[in-house]
Amino acid sequence: MENVEIPEYFICPISLQIMKDPVTVVTGITYDRDSIECWLSKNPNSNALCPVTKLHVSRDSDLTPNHTLRHLIQSWCVSNGFNVFDQVSTPTKPPLSKCYVLNLVLDLSVPGTENIKTLEKLEMLAKENNERNKTYMVEVGVHEALVNFLIRCYMKCDTNGLEKALSTLSLIWDYFPSCHENNEVENREEILIDSITWALGLDRNMQNHATIKNHAMSLLRSIIGKANSSTLDRLKPQLFEKIIRVLRESGSNTTTIAQKVVDNALHVILNTSHSGKNRNIMIQSRAIFELIELEINFSSNKKTKELIFEILFNLCSCADGRAQLLSHAAGIAMITKRILKVSPIVDEKAIMILCLITKYSATSGVLQEMLKVKTVSKICTVIQANCASHVKDKAREILRNHFDFWKNSPCVEVATLTRLH
């Protein structure tokens, strides 16, 4: 069977694999549907080039099913025992019509009981592993219709269809091109984020609360990832209060959905914590306290720990953040325990946090606690371990700055401290 030669015209010019759903473009060349749709959708311009002829092909051009070739491929596969190609099915899926999607958008713009069915259809299209479908959905304005629907739900406190709308928007948001900064766009994003804030704060006993929260946080992460600096600086305290509450509620839940919510929430906090205004709001919402609790009690995933330490480092860049970390009974101990136990990222951020604390918040009580929970011993170990050079340099800096306080302690090796002094 290995010596059987596959007819050249059965092979897709893009994937170089036997075609399962051959379609012909306007240039007369036949490709496998998935391959050519992916090729066309990835082209940033209105026209792509046909891979074979190098002629322009519009992204909106029809892809004509080549039924004759498909039947030939099927027959040849059966005759030659190529069971691997059983997926070449008889029916060919019709291409998505822009007109069909546009009608769904129009249906959604009219409030009514049919909205739920329309939302279900849109969600099914968004869930398909088809790049071209999602591109079409954005091009005909599905995202705008869904944003309007979400805002309408928020304004009326109506949760009917909310889950489907959030789910679909979160699936297609990354296909939505970033807009230029202007007041209209910023105001629109602000109302959308207010709508998500409302969704995150819905009653926990409400039906589908967990999935609504999951889709809302996923959408928020996508929005924040593409938002301009002006939008990030205008985020409201209520949003961060809801996010912190979500962390508190979801952290103790071991379900897959809950873990996704935590992951998305941490990404949102990290991506917004570079703003001084947002850092202050987070600290006022007791973000550091909740992050420490999450890390100690519920976090077992390495990536989650890395996110927590990255956020803690950002928040500890200000005095109130360091004060909140030090006010937690296990703050310094938790930072110390994770060093050399999780990953190089955690090592780096932990040493940087300790460097900030010992540089700007080093009271005698803090320095004594660092001896008590063996922070100083761990810092000495970092210097001798296989860590990045800049991490070792920061560790040496910490020890040098407080040599006089720690040199007489039996908890650390005096020889090590002396070499560093």
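Helix α1 (residues 33-41) lies across strands β1, β2 and β5 and runs at about 95° to β2. Here helices (H or I, at least four residues) and strands (E, at least two) are DSSP runs numbered from the N terminus. The angle is taken between axes, which are lines fitted to C-alpha atoms, for helices over the stretch in contact, and it runs from 0 to 180 degrees between N-to-C directions. Contact means heavy atoms within 4.5 Å. The model is predicted, with local features requiring pLDDT of at least 70 and side-chain atom pairs counted only at pLDDT 80 or more, while totals for chains, interfaces and linings use all residues. Residues are numbered from 1 along each chain as its sequence is written, and side-chain values use heavy atoms, with hydrogens and water left out.

The 3 strands form an open, antiparallel sheet in the order β2-β1-β5. Its edge strands, each pairing on one side only, are β2 (30-32) and β5 (64-65). Two strands are taken to pair if DSSP finds at least two bridges between them. Strand β1 (residues 22-24) is joined to β2 by 3 bridges in the antiparallel sense, and Thr-24 stands opposite Thr-30 of β2.

For the protein overall, the secondary structure amounts to 23 helices and 5 strands. Of its 421 residues, 49% are buried; buried means under 20% relative accessible area, exposed over 50%, and partly exposed in between (1.4 Å probe, protein chains only). The accessible surface is about 20,800 Å², and carbon and sulfur atoms account for 51% of this area. Areas come from the Shrake-Rupley method with a 1.4 Å probe, and for residues only the protein chains shown count as cover. Among contacts between residues at least 6 apart in sequence, 67% join residues at least 24 apart.

Two helices illustrate buried positions. In helix α20 (residues 375-384), 7 of the 10 residues are buried, among them Lys-378, Cys-380 and Ile-383. Helix α15 (residues 302-315) contains Leu-312, which is buried at 0% relative accessibility. Leaving aside residues up to four places away in sequence, Leu-312 touches Ile-288, Leu-291, Met-334, Ile-335 and Ile-353.

The search for aromatic pairs returned 3 in the whole structure. Tyr-9 and Phe-10 form an edge-to-face pair, with 4.8 Å from centre to centre and 80° between the planes. Rings of Phe, Tyr and Trp (its six-membered ring) pair if their centres lie within 6.5 Å, and planes under 30 degrees apart count as stacked, over 60 as edge-to-face and the rest as tilted. Tyr-9 is exposed, at 54% relative accessible area, whereas Phe-10 is buried, at 2%. The pair of Tyr-154 and Trp-198 is tilted, because the ring centres are 6.2 Å apart and the planes stand at 50°. Since Tyr-154 lies in helix α6 (residues 142-156) and Trp-198 in helix α8 (residues 183-200), this pair ties together parts 44 residues apart in sequence. Tyr-154 is partly exposed, at 26% relative accessibility, and Trp-198 is buried, at 16%. One aromatic cluster consists of Tyr-9, Phe-10 and Trp-76.

The number of disulfides is 0, a disulfide being a pair of cysteine sulfur atoms within 2.5 Å. Cys-50 is buried, with a relative accessible area of 2%, while Cys-157 is exposed, at 57%.
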